[in-house]
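Biologist: Before I use this model, I would like the grounds for each term you apply to it. Please take the pockets to begin with, then the sheet.

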Amino acid sequence: TIGNSLWVFLVVQKFLHGVPTNRTLKDLSLYGFSLAEGTVTGGLKVINELLTPLYEEVLDHCRGADLWNADETMWRIFNASKTRWWLWLIASDDAVAYILDPSRSKRVPNEFFAGSAGILMTDRLASYKSLQEAIIKVWCWVHQRRDFLNIYNGVKSLRRWAKKWLKRIAKLFVLNHKRYQLWEQNKDSGPEWDAAQIVLEQHVEKMQQYFEEELRLPNLHEEQKRVLRSLKKHWEGLTLFLKDPRIPLHNNRAERLIRHAVILRKNSFGSGSEWAGALAAKLFSLFQTWLINGLDPQALLLDYFNECSKTPGRAPPDTRQFLPWSMSAERKVHFRLPDTYKRPG
């Protein structure tokens, strides 16, 4: 019989640290411990079912927020009729939801956000643009900046023009950061805040004037037209941060949160089957949710498995004690991450 501690070790090695299971089993064999891959597969199928209630609680809590980051990356499922699947990430302030789906279409975010209302920061993927009006779309300035950077690096005759835009965007980041620091220090009122807000708004107004004037110029290069039209098209979503200092200028948080899944995909290529992909999405969601809340995922998963052992084959009736927003203050202290562990995102 494999104990809960070993199951936690196997799961953490792969889904938190990105070590393929076959390498972990080889490492264990050096210590004289032989474990068949079939035994591990059978156990992981059971774990997949046991984690479902906890995973669904995380998704429901994430839906109830009012500010999210989202991103998606390719994920392979090798024995499915379609190999190329997508791993979607949607993160609120205290919950991280990963959703595995064969599609990169608008159906996935539309289903997730049905009934929700709030602000969503993403790149400019068309799938997000079809969301209902209750979801306010905010676009990433880093992706917008990349359009100008590509021209700077790739079209020599437009380098000076692109450099001017790169400087304007750089100044935008500096001015917004100064304002954000005031907000973070609870100084979002008074002369200092008003001054920072006015300077930022004036800079944004000048940027709008620049692209509108340039779009009226004759004989614009096709690359100039393309990036300026994109800037105009997304301008409303690019400037909503002026009204709400919580809104970042970039989608870096989502990209940082999805990075570990990308690394794991490179190490193990994806998942062999659909159930294994579902298990990956569940564990990514739980581990990253626990981590961003300063909780030890290894200790919490062991505690969860120990509770499951009391009712073999079934999840514990009360999952609230494993969720950051509903667990007791005593449990938060007990499962607190070491101060030396860097939180993701």
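Biologist: What is the volume of the largest pocket?

Modeller: In this predicted model, the largest pocket has a volume of about 690 Å³.

Biologist: What makes a residue part of its lining?

Modeller: A lining residue has an atom within 4 Å of a pocket point. For the largest pocket, 25 residues line the space, and Tyr180, Arg246, Ile247, Pro248 and Arg253 are the closest to its centre.

Biologist: Which elements give two or more residues to that lining?

Modeller: They are β1, α8 (159–184) and α12. The largest share, six residues, comes from α8.

Biologist: How much space lies in the second largest pocket, and which residues are closest to its centre?

Modeller: The second largest pocket holds about 430 Å³. Its lining has 23 residues, with Lys14, Thr21, Thr41, Leu44 and Gly272 closest to the centre. At least two lining residues come from each of α1 (4–15), α2 (21–29), α3 (37–50), α12 and α13, and α3 supplies the largest share, five. By class, this lining has eleven nonpolar, nine polar and three charged residues.

Biologist: Why are β3 and β5 at the edges?

Modeller: The five strands form an open sheet of mixed pairing in the order β3-β2-β1-β4-β5. β3 (96–101) and β5 (135–139) each have a single partner strand, so one side of each lacks a neighbour in the sheet. From one strand to the next, the twist averages 25°.

Biologist: Which helix packs on the sheet and touches β1, β2 and β3?

Modeller: Helix α12 (residues 252–268) does, with a direction at about 20° to that of β1. Helix α13 (residues 274–292) also lies across β1, β2 and β3, and runs at about 170° to β3.

Biologist: Where in the chain is confidence lowest, and where highest?

Modeller: The lowest is in α2, at a mean pLDDT of 90, and the highest in β3, at 98. The chain averages 94, and 99% of the residues score at least 70.

How values were computed: Residues numbered from 1 in each chain as written. Predicted model: local features only at pLDDT ≥ 70, side-chain atom pairs only at ≥ 80, totals over all residues. Heavy atoms only, no water. Pairing = 2+ DSSP bridges. Helix = DSSP H or I, 4+ residues; strand = E, 2+ residues; numbered from the N terminus. Axes fitted to C-alpha atoms, helices over the stretch in contact; angles between N-to-C directions. Contact = heavy atoms within 4.5 Å. 1 Å grid on protein atoms, 1.4 Å probe; cavity = no way out; pocket = protein on both sides within 12 Å on 5 of 7 lines; lining within 4 Å. Points joined across faces, edges and corners; volume = space filled by probe spheres on them. Nonpolar A, V, L, I, M, F, W, Y, C, P; charged D, E, K, R; others polar. pLDDT = per-residue confidence, 0-100.
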